[in-house]
Amino acid sequence: MNVADNPCPRCGASTSEGEQFCESCGSELTAAQSAPAEPAPSESAPTLPAEPAESAERAEPAESGEPTDSGSEATDANRVDEPAPRACAACGGRVADDGYCEQCGARAGVPRDHVVTVPAPWVAGVSDRGLRHRRNEDAVAAAVRDDVALLVVCDGVTTAPNSDQASAAAVTAALTMMTDALAAGILAGSGDRGTDPKAGTAEARTEVLPTATVDVAREDVATGEAAPEADSDEAAGTGSDSDRTDAEDEADEQARVASLGAVADAALGGVDARDTAAARLLTAAAAAAAVAVRDTVTPEGEAASCTFVAAVVVGNEIVAGNVGDSRAYWLPDTGPAQLLTLDDSWATELLARGMPRAEAETAYGAHAITRWLGPDSPDIVPRPRRLTADGPGWLLLCSDGLWNYCSEPQDLAALVGAGTNALGAEAGPLTLAETLVAWANGHGGHDNITVALARLDPSPAAPAPLTDPTAGV
Amino acid sequence: MAQFTADVYQNEFLPDGATDVHAVVTVTCSGAGEAGKSGDGDAAELIVVDTSGSMSGDKIIAVRQAATAAVDQILDGTWFAVIAGNHEARLAFPERPGAIAMVRADAGTRDQARRAIATFHADGGTAMGTWLRLATRVFLSVPNLQQKHAIVLTDGKNQHETPSALAAAVAASRGQFQADCRGVGVDWEVAELRTIATALLGTVGLIPNAESMAAEFEDLMRQSMGRGVGAAELRVWTPQGGQVLFVRQVAPTVEDITSRRSEVNPLTGAYPTGAWGDESRDYHVAVRVPSRTVGTEQLAARVQVAVGGQVLAQGLVKAMWSADDSLTTRINPAVAHYTGQAELAGAIQEGLAAKAAGDEATATLRLGRAVQLAAASGNEEATSRLRKVVEVDDEATGTVRLKRGTNKLDEMALDTASTKTVRVRK
C-alpha cells in the first residue's frame, strides 16, 4: 500500500511511504481502521468486563477480507483516507480541524490512539494509547496468508521526540519484509520458486540483510551505557571497568551470551530456534525495522528507538523473537503457559549473573532495556524460540503496557481464560485483544498497551505443517 | 495582505482538581502595508489639539508646529481634519461654515490645513468631552472608513466639564475611533487622559516640554500611517462550562481588555485591539474550565485573530491534567514574567496615587514592590524612572525611601510609562 503518490488529505502536500504525519501540515496520515474513542476505563477493576468490547465494528472490512497476492495486504499502518467530519465522543459536538471539540473542548482522539488490525478471523492486533500517555508510541501489524501468520509489535522509547513514528515505521518495515519473503517462498525454504515474480525482490532484500545487520556495532551491552529506557525513569547501572582489553571483553561477552542462553532455556518455553528459516526471517525483519527506525530521525537529528517482538506462525509451529522488552507468550487452553521471549532488560542481565529473579526484577534500573532498534543499539538480532503447539491456545504478543500488570505466563493465561469465558460466543482474537487492552486501562493504563493475538487450533483439519511446500502461498 | 500568527506559551499540565489555565499568546502581524491601502476602505486621521488659555506663549506655537508636523506625515488619499479644542470644540480644518467634513490629503489640502493651523490662538477653558463628541461626528461624515485614528493633545485638567459629562462622551466615542492621547507639561492628569486613551484603544504619553511636541506628533502620525490593518480583534473561545477570567495585553504595554468583550457566539468573545502595523503584541489569557480526571487532555481556549470577521490566525491553549508534580508545578516563564509586569504597572500606579494622597506608608510599600519587580524582570526603563522618585536601599527586597522634593515631571513620566513592559525571552 504505497502512498508515495497520495497527497495529504488535509493540505494536499505529497507524502512518502512510511510517513506517519504530513511534512507540510502535520496531519496524521495513519490508517482509518482505528477508532477515535478510547475504551472507557473501568474503575481499576480487577476483573474482566463482562460485556464484550465493542470492537467488531471497528475492524476495517478490508483488513479481514480475502488476502491478496500483493504481499503487502497487511502493511496497513500507512494508509491514507479522507478524513470524515467527526462527532465529539464526549458531547456529540463537532470536532474542529484543530482536533478539539467545538463545544466542550475535548480532545478528539487521533486514529493512532486506538489502532486495530484484523488480517484474518484468527489473528488480530489492538494498540491503544492508554490513559496516561499523550500519544500512542506502540505499533502493531499483522498479516495472514493461509495458515501462516506474521505478527509484529513495537514499543517506541518514550524519551525520543518521534518514537511514535519510529515504532510505526518499524512494524511496517518488518511486516513488509516478512510478507515479501513469504510471497517469495523463502519461509517454506523451497529454492525452486524463481518463477515467482516476487522472488527476485525478496532475494535482493535478503542480500541486503547482512549489510543492514553488520553495521550495528556490537558493543558491550552489559555496561548499559546510554541505554534508552523503555518506560522507566531509571537508568541501567554500569557494570564494567573502562581499562579492560578487547580480549577480556570478548571473553566476557561470550560468557554473558552463554549465561543469557541458560537463563532463556530455564525461563522460556520452546527451544532455541536460531537456524530455522523462520528465525532468519525474524532477524531480517528486525534489521528492516531497524533501518526504518533510523530513517525517522528528525531534521534536528533526534533519533528515536523502539522495541521489537515478532512471531511467525506456520500451522502449529511458532517462532518468536524479540529485541527489548516486548514479549511473546504461548497460552494453551490446557497445560502450562509459557513465555517465549527474554526481555533485554537490566533485570535479565542480573538474572544472567545469578541474581535471584525476585531480586533482579525489583533491582534499581530493572526495567531499563539493554537492546533496542535505533541508533547506538548494541545488536538487533532477535533471540528466536520455537514451539510446537500440541493443542489449542493463544499466541500473544504484547508491549509492557499489558505485561506490567500481568507478567507471569500462568497469570496471563488465567486472564485470557477469564476473558474468553466472559466473551463466550463473542470470543475471538479481536474481542479478546480489546478486552485485554480495556483490562490494562482499568488498571491505570499508565503506558501504551498493545496486544496481538493468534488463535492456534491444531486438529486433524488443521493447516499443513511448516515443511509443506504449499505453505505460505 | 497582512498575515497574522498566534503563538501560545503555557504550561498545559494541571494538577488534579485544578481549573485555571494561563497562557501568553504572541500575536504577530506582517505585511500590513500602509493605512487605507488594503482595498477594504479608507483611512482617516484627526488631529485634536488643546487651544485653551493655558496654552498661550511657547505652547501654542509648539502646537502649531506639532499639528503641522503631523499633517505633513498624512499619506495622500487619507481623509483628515483638525479640531481646535478649548471649552468647546471647533473644526479648524476643513473650514466650511456649518458643515462637518473631512478632506482627502494631497499637497493642496495639506497646505490649506497648515494655513488654518497657523491661525491657532490660545483662549478659553478645557472640555475634552466636547472634543470627542465632535471627533465622532467628523469621522461619521465620511462613509465606509476602515480606519479612524486621532491624536489628542491637552495641557490641563478637564476643568470646564463635569466628570460624568466627560465619561458620557468617552462612552459615546468608544468603538468610533482610536485615539493616542498626549499631555504636555505637568498640569494635566495622567489618570484622566489614561481613561480616554484606554477606552479608545490608544496610548497615553507625556510630552515633557513644548519643544518635543512636534517630534512626538510626527512620530505618532507616521506610526498610524504604517498600520495597514484597520481593526483586528482577538477572539477567545472557551469550552462549554468554561469562562474567561481575564484577557490582558501585556506587551508592548499592559492593558486589561477583559471588559471590551462582545459576544461572537455563546462560547466566543471578541476583544477589539485596534489597528495593526507590522508588529507583535503579547496577550495574557486566563480561563477557567471544569476540572477533568487525571490523564485527560482538553482544549481550554482557542485564541484567534480576526479581521473583518475572518479568522486569520489561531493559537490553542490546552489543559492536561496530570499526577506528575514535576510537570504541574512548572510555571511558564512567559506567564510568570508578564504576571510580574502587570503587577509592576499596578504597583507604580497605586504607589504614586498613595503618594499624591499623602499616604506615605502605602506609597513606600508599593513603589518598593515596583522597584523589586522591575529589577527582577530586567525592566531597566522602569527601574531608572523609579529611581527618580524613590531612594533605593535594596532592590532585591524592594526596600526604598520616598525622595523629598521630587520633580512632578518625573512622577508623571513614571506614571504614564508604568504600563510599558519588557518582552520575555520565550
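Predicted model: local features only at pLDDT ≥ 70, side-chain atom pairs only at ≥ 80, totals over all residues.
Ala135(B) sits in helix H3 of chain B, which spans residues 128–140. As for Ile100(B), 35 residues away along the chain, its C-alpha atom lies 9.7 Å from that of Ala135(B).

Turning to the strands, chain B has an open sheet of six, running in the order S2-S18-S17-S11-S15-S14 with mixed pairing. The edges are taken by S2 (13–14) and S14 (262–265), each with a single partner strand, so one side of each has no neighbour in the sheet. Further in, S17 (residues 297–307) and S18 (residues 310–321) of chain B run antiparallel and are joined over ten bridges. Among the residues involved, Ala306(B) has Val311(B) in S18(B) as its bridge partner. Pairing of this kind in sheets goes through backbone hydrogen bonds, whether parallel or antiparallel.

Then there is the second largest pocket, which holds about 1100 Å³ of space. Its lining is made up of 45 residues, and the closest to the pocket centre are Asp180(B), Arg182(B), Thr203(B), Val204(B) and Thr253(B). Sorted by class, the lining comes out as 14 nonpolar, 16 polar and 15 charged residues.

On confidence, chain B averages a pLDDT of 95, and 100% of the residues score at least 70. The model as such scores ipTM 0.82 and pTM 0.67.

Key
Residues numbered from 1 in each chain as written. Chains lettered and ligands numbered in written order. Heavy atoms only, no water. pLDDT = per-residue confidence, 0-100. Pairing = 2+ DSSP bridges. Helix = DSSP H or I, 4+ residues; strand = E, 2+ residues; numbered from the N terminus. 1 Å grid on protein atoms, 1.4 Å probe; cavity = no way out; pocket = protein on both sides within 12 Å on 5 of 7 lines; lining within 4 Å. Points joined across faces, edges and corners; volume = space filled by probe spheres on them. Nonpolar A, V, L, I, M, F, W, Y, C, P; charged D, E, K, R; others polar.
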